[in-house]
Amino acid sequence: DYYVGLAAGVSDGARVHSRAELWNLYLRAGWELTPEDTLAYLYQRTDNAVEDPGPTGAPPPRRDRFDTCTDTHILRWDRTGERLRGYVLLYFEDGAIRWNKDHLNDTPVSPPGHSNTDWRNYGFRSSFDAVFGRLTATAALDVWSEGGETRNIPEATGVRVWGYSGRFATLAPYAGLRYAQPLGEEWTVTPSLGARYYHSSEFDDAWAPCAALTAERGGLQLFVS
């Protein structure tokens, strides 16, 4: 299967120097490896820009403009077996912010320049259900790394006067159980519980337990969580 999607929005704004543009491109190519296994590649690009008109009544800015651009790549495998269902994916995201300013900071005497940011995020995500009759056990694992750099560069010199770079990683396994219990001939009640654990290279570790109760009948679903 193949998909292509394109979305665009452009506005001149209600004031001088307030134009905005939003662009989005989506591509997908999928292959059926077996009746139960599919492989897909997905790509998404966003390219957006907006001008800042400044305070009402003041002269419009000459430069103040905020641009963002992101490219996301995903490789995904899905399994839809009778007993085992789930997915595994790898992703990579490359993004950039280009902020062209009349003043690098909030003071009027600050020089014009650029506050530029670049980031690269990548990771692994997976989740699988093992079905044993009415009982379903879920196991999942997310691992990701996020990082980048930002810097302020005066327009006149082109030399960075301030910057920061950093990266951190997170490991987040999950386990859960749910049981589908028929209630009469039309209703099914499903209690579920689980927990995710977050281990970070920069922040405190944390548990995130969860529980839910779902009642279903035909196309109707009621739940509390």
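Predicted model: local features only at pLDDT ≥ 70, side-chain atom pairs only at ≥ 80, totals over all residues.

Trainee: Okay. How many helices and strands does the protein have?

Mentor: The count is zero helices and twelve strands. Reading from the N terminus, the elements go β-β-β-β-β-β-β-β-β-β-β-β.

Trainee: And is the protein compact or spread out?

Mentor: Its radius of gyration is 24 Å, while the globule rule gives 17 Å for 225 residues, so the protein is more spread out than a compact globule.

Trainee: What does the C-alpha trace span along the principal axes?

Mentor: The span is about 75 × 40 × 40 Å.

Trainee: What share of the residues is buried?

Mentor: Buried residues account for 28% of the 225. As for the accessible surface, the protein has about 14500 Å², and carbon and sulfur atoms hold 59% of that.

Trainee: Switching topic: how many positive and negative side chains are there?

Mentor: There are 22 positive and 30 negative ones, and the centres of the two sets lie 1 Å apart.

Trainee: What about contacts between residues at least 6 apart in sequence?

Mentor: Of those, 50% join residues at least 24 apart.

Trainee: Now the single residue. Where is H17?

Mentor: H17 sits in the loop between β1 (2-11) and β2 (20-34).

Trainee: What's its phi?

Mentor: H17 has a positive phi of about 60 degrees, although H17 is not a glycine.

Trainee: Is H17 buried or exposed?

Mentor: Buried: the relative accessible area of H17 is 17%, and the cut-off for buried is under 20%.

Key: Residues numbered from 1 in each chain as written. Heavy atoms only, no water. Helix = DSSP H or I, 4+ residues; strand = E, 2+ residues; numbered from the N terminus. Rg over C-alpha atoms; globule rule 2.2 N^0.38 Å. Buried < 20%, exposed > 50% of the residue type's maximum accessible area, 1.4 Å probe, protein only. Contact = heavy atoms within 4.5 Å. Areas by Shrake-Rupley, 256 points an atom, 1.4 Å probe, with all protein chains shown as cover. Lys, Arg positive; Asp, Glu negative; His and termini not counted. Charge placed at Lys NZ, Arg CZ, Asp CG, Glu CD.
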